[in-house]
Amino acid sequence: SARVHELAELALCSLPANARALRADILFRRGDAAFLSGDREAEREFAREAGQLAAALGDPPREARARLMEARSLVDSGAEAMPLLEDAVARARASGDPALEADALEQWGHGFVRAGNFAEATARYRRQMEAAQAIGDSRRVAEAGYYLGEALLGSGQVAAARDQLEASIREFSRHGATRSEAGAMADPATAYAMVGRPADANATFEQSLARCRSIGFLEGEALALGNYSKTVILEGRLDRAGELMENWRECNQVLRSPFCDAYSLLHSGDYYWARQDLDQARVFYTEAVSAFRKLGAVYGEADALVSLARVHAAANAPKDSARRAREAQDLVEANGLAEPDPLPRAYLARAGRIPASEVTVPEARQAPVRAEAHLVLHEAGAAGPHPESALEILAALSSHLTGEDARLFWIHNPVARRARAAETGGAA
């Protein structure tokens, strides 16, 4: 990308002053290169300069593209980007360019996902898909389908999300790419992980990482590393997880994305929680709460708060566990979050704050959440086959693992370790 910047600078210097349209288009290329390399400040500067040129030209499509690029550079900054995103969509629609409108709707959807508003995100991604289908763009259709599935999953519509993600995987396969050169965040590896196909996910993550690295797409690489490490931690392969997370931290140091940094803190907590290092896990989870709260990312904040409740429960600190679980439940109720529910209420029951009989485990939740909820309710003294349900879910989650990998799952996955101990009557 440095070479792209250098060539673009030479091109700009050689243009006559009145070649504003061409200058704007070169600035757009420079902005896209800055996006791929993770340089948000440069991307924003190129967008604003291109927007000034487009305004001077009286060119609405280029003005819309410039506004979209500026909004994209801010999408990880939380609420600051939302007015720009809404304006970018309106300008893109007015320009009559359905491809630009699809791209603007995608970024607007991302903004709502960051805030944990999956209902609004779902609406934007549906419109993105409609725009992509209208112009017959298979790449954009695949990406929109992935984002829509992700938003449906976040809103608790598991069956619909699975159908949508499976359709997206088929579309990706037909398109023949793991990630697009346009810098899409969607990729089939994460889709495989979300629909419960971890073996396919692991193989495809490697392809995704290679693709991102080959085109210098730093944010795509960071997101792939983050999602891959989450999957590997879940499997209990902690040595590999440590390698991936070190690579992820190196990416984030260059990328400087507050959103990626927040999730890096959360997953670091998960890593140390799996290693049974409660003190380190607590440090990272506490920092993750602060990072997500600063961004207004309530979904991530609720997840981090539940993680703290989990650590405090393991440390035999029911008062602290209940306090964090109550904070998480308040966010769930105030924002209509499907997950991490029912975990906050399960930990409240474990701490003796509410009756365990009042907490149920909906099927419309991801498998790891359901397994942990059953286990915590058993620990809270709830009647019913909760240990058996947890073990059944965990067996399905680990069914792709064999030999040493299978053994590591039951040792290092914290829920699996506790569930096996509950089954045998031993200590976790």
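This is a predicted model: local features need pLDDT of at least 70, side-chain atom pairs count only at pLDDT 80 or more; totals for chains, interfaces and linings use all residues.
Helices here are DSSP runs of H or I with at least four residues, numbered from the N terminus. Residues are numbered from 1 along each chain as its sequence is written, and side-chain values use heavy atoms, leaving out hydrogens and water.

Back to α17. I listed the buried residues, among them Ser-321, Arg-324, Ala-328 and Leu-331. Just after this helix, I noted Gly-336 with a positive phi of about 65 degrees.

Next I looked at α2 (residues 20-37) and α3 (residues 40-57), whose axes come within 8 Å and cross at roughly 160 degrees. I took axes as lines fitted to C-alpha atoms over the stretch in contact, with angles from 0 to 180 degrees between N-to-C directions. The pair is therefore roughly antiparallel, a label for angles over 145 degrees. In the contact (heavy atoms within 4.5 Å), residues of α2 including Leu-27 and Phe-28 meet residues of α3 including Phe-46 and Leu-53.

Last, I checked Pro-368, which sits in helix α19 (residues 367-379). Pro-368 touches Leu-234 and Leu-397, not counting residues up to four places away in sequence. I also found its C-alpha atom 8.4 Å from that of Val-415, 47 residues apart along the chain.

Notes: Buried means under 20% relative accessible area, exposed over 50%, partly exposed in between (1.4 Å probe, protein chains only). Helices (H or I, at least four residues) and strands (E, at least two) are DSSP runs, numbered from the N terminus. Angles under 35 degrees count as roughly parallel, over 145 as roughly antiparallel, 65 to 115 as roughly perpendicular and the rest as oblique.
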